[in-house]
Amino acid sequence: MISLSPQSSMRKALKTVGVFALAIFYLVCAKQTGFSFRLMWEGMPSFVKLLGDMTPPNWSILNRIFPAFVETIQIAILGTTFGAVLALPLIALSSGNINRNKFSYLFFKTLMNLVRTIPELLYAAVLVAAVGFGPFAGVLALAVFSMSIIAKLTSESVEAIDPGPTEALAACGANKAENIVYAVVPQVLPVFVSYFLYVLEINIRVSTVLGLVGAGGIGQLLKTYLDLFRYQNASTVIIATFVFVVLIDQLSTRLRARLI
Amino acid sequence: MALVIEFKNVSVTYPGGVQALKNFSAKIEDGEFVVVVGLSGAGKSTMLRCLNNLVVPTTGEVLIDGESITHAKGRALRELRKKVGMIFQNFNLVNRSTVLRNVLQGRLGYLPTWRTLTGLFPEEDIQIALNCLDRVDILDKAYVRADRISGGQQQRVGIARALAQQPRVILADEPVASLDPPTSHMVMRDLVRINQEDNITTLVNLHFIDLAQEYGQRIIGLREGELVYDGPASEVTEKTFEEIYGRAIRPDDLRGASA
Amino acid sequence: MGVQRRQTLTRVVTIAAVIYIFVWSAAGVSVDFARIKRGLPAVGRIVNTMFPPDWSMAKVALEGMLQSFYIAVLGTTIGSVLAIPLGFFAARNVAVYRFLSIFGKQVLNAIRTFPELILAVFFVASYGPGPMAGLMAVGVHSTGMMGKLYADIIEGIDRGPVEALVSAGANSFEVVRYSILPQVIPEFIATSLYRFEINMRAASTLGLVGAGGIGVLLLQALQFRRWPIVGMALIIIVVAVTIIDYASAFIRKRIV
């Protein structure tokens, strides 16, 4: 039997074993989560009933929920701004060409990576428990989240800058701080601003759901309606949120096209 | 000698108004080695692709062994396409697959769908594929990924793939344009050898006139979609090419290097 | 007005606008310095109490993390599988009719825009609290995300090998299997793995709305203000997600 593939029979056997292992793995996953195709199917009627409870949407509350959207945007703006400000020292500390101390540079870089690993919703939930319900928790959560992303992205740009100007400045006697301000900042500022806007856009989206854990904005309104079983109001909120996100998307695409 | 290919007043107009082929007629007999020359855009590619209906003529038809491939559809079209093997300028191999798997693609037309979809190729067909690789002297690369071999080797795999179809006709669309001069000659020699050993009618598009003169048996010249020359290669001179091109011959019309 | 003057004026106006937006936001959200002054130290104190973490509930947390893992696996797989037909449907170059591809893309966009967490809430209401709701939410959301990426991948394939196969007399199925799939499958897998990384994070949080995984434990710990347990759960989440990130990147590199 001529073989069609270059692999030895050993590797082929391993591959077959691998496939079996994968199948068993999936069975384990399914069992542990109680997943089955039948169960998926059985949940459909409840789902449909839920949709039924949610139609028709209660449009009369539209002007009541409008302020919540405004709040959502405000949370995003504030959170991103705080995050960006907090990011500044961290950028300097986690850029290899500014922070020459190998250990501290690695420390801060790893710290930023760790902070980034935690989903923003978790930050929001923790902060809600810490400072109470409301937009303040949302702002703080977004601040932490934004800080870590902006810091990571900007520090990568900082590490990629042209070393020329920094050398030139060092050669004529500038100290570290002056070097940063006059050589690094001008090169990195445009990128920093674009990262800021990028994160802002993400945060507006995120901010719409943060409220579901109590951190203000439209999400909190949604949670209230759901908790009170006011499904028709909830569906209005959901549809409005959907439209809102699409609008923001469109707006940012247009703006980006114009700025580039 | 039997008539294998017949172009009957074939015209091709692309959407957008460009007329790539104007009333082209030609008869090609069994076992001929024809080189088609002309400037870029003269209609060489279009003409070749009318032969396997990758391009559908706007008017006229192309007959293969007396059957119209232009009007064939579905199964009949696929049966006719089996008879025509094609080699491409960019090789058109599946990069991530091995050389052998690429060549086996030539056998797809001969196997039932259940086999092709499961990938269970019969031993006999695998052997045919290996033999084709051997014929172009690249059997040792059978199990290597297609993107890990050189351009010249990739083209030879392309030839092997066409050979695996056990075709009546082999079409080669600028087969050496992406290769360096010595490799170009090697590939042309391979094409000639196969034409002579297997008596497979071969049509090759070239824009290198020295290669055309050296390897062609019969030369067909196209200019702006029209047939402007059709005759034996032995009677062709540089002046003929100038007439075909409609301009003086330039250095980059020549491949260079020698056999 | 000179060009210099105009530039400076634009700058000043922009900065003023930015500051105004900032102040307006702060006012709307009632975040002022007083609040910050009170709030931040409170947060600091709480973070302090999180460490040293309380390992007594570690077993429960690990089980929860494992469940999040299962949710992510199943959800990513569902999304990955469903995205394949949708991707082909929406890809411009293989769609049967042009308008079908546009329609397909819009459907995918709609699914993608719908926040995953709200989907989770829906599914909790339909399937009851638990991992089933979570994996359905991840699955549906991933379908939308990956469907679009798959469509992009399909649109970007090299048509040469496809042409070669058609010219050799292969039928449509054979063309797809031998020239399209080999080009597309490695990239599909890489996309799925990347999506899996993201879904691990999502699966960790969905429990906050009752959809299973470690989020459930976290929610309870938060409700009872058991900060050391919160700290422990966070650590486990970070470790698990990081391990998955590295594993996924490693596998993705080998697929090329």
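1. Two strands count as paired here if DSSP finds at least two bridges between them. With that in hand, take strand β8 of chain B: the bridge partner of V37(B) in β8(B) is L206(B). Five bridges join β3(B) to β8(B), and the two run parallel. Note that this is a predicted model.

2. β6(B) and β7(B) run parallel and are joined by four bridges. Here I87(B) has A172(B) of β7(B) as its bridge partner. Five bridges then join β7(B) to β8(B), again in parallel. A172(B) also stands opposite V204(B) in β8(B). Further along, four bridges link β3 (residues 33–37) to β9 (residues 218–223) of chain B, a parallel pair. V35(B) faces I219(B) of β9(B) there.

3. Is β8(B) buried or exposed? Six of its six residues are buried. T201(B), L203(B) and N205(B) lie on one side, while T202(B), V204(B) and L206(B) lie on the other, so that, with a residue counted as buried when 20 or more other C-beta atoms lie within 10 Å of its own, both faces are covered.

4. Now the contact between chains A and C. Chain C gives 45 residues and chain A gives 43. On the chain C side, several helices each supply at least two residues, among them α1 (3–28), α2 (33–50) and α10 (227–255). The largest share, seven residues, comes from α5(C). By class, this side of chain C has 32 nonpolar, 10 polar and three charged residues.

5. Which residues have the most contacts inside the largest nonpolar core? They are A124(A), A125(A), L127(A), A141(A), A120(C) and A233(C), in a core of 221 residues. Helix α7 (residues 135–159) of chain A gives the largest share, 14 residues. Domain 1 (3–50) and domain 2 (55–255) of chain C both contribute, so the core lies between them. The centres of these two domains of chain C, taken over C-alpha atoms, are 36 Å apart.

6. A124(A) deserves a look. Leaving out residues up to four places away in sequence, A124(A) touches A137(A), G138(A), A141(A), L210(A), V213(A) and A215(A).

7. Helix α10 (residues 218–227) of chain A is mostly covered, with eight of its 10 residues buried. The buried set includes Q220(A), K223(A) and Y225(A). Among what covers the buried residues are α4 (62–93), α9 (176–210) and α11 (231–259) of chain A, together with α5 of chain C. Just after α10(A), F229(A) takes a positive phi of about 60 degrees.

Notes
Residues are numbered from 1 along each chain as its sequence is written. Chains are lettered from A and ligands numbered from 1 in the order in which they are written. This is a predicted model: local features need pLDDT of at least 70, side-chain atom pairs count only at pLDDT 80 or more; totals for chains, interfaces and linings use all residues. Two residues are in contact if their C-beta atoms, placed from the backbone, lie within 7 Å. Ala, Val, Leu, Ile, Met, Phe, Trp, Tyr, Cys and Pro count as nonpolar, Asp, Glu, Lys and Arg as charged, and the others, Gly among them, as polar. Domain bounds come from an automatic or database domain assignment. A nonpolar core is a set of buried Ala, Val, Leu, Ile, Met, Phe, Trp, Tyr and Cys residues joined through C-beta atoms within 7 Å. A residue is buried if 20 or more other C-beta atoms lie within 10 Å of its own, exposed if 12 or fewer, and partly exposed in between; C-beta atoms are placed from the backbone.
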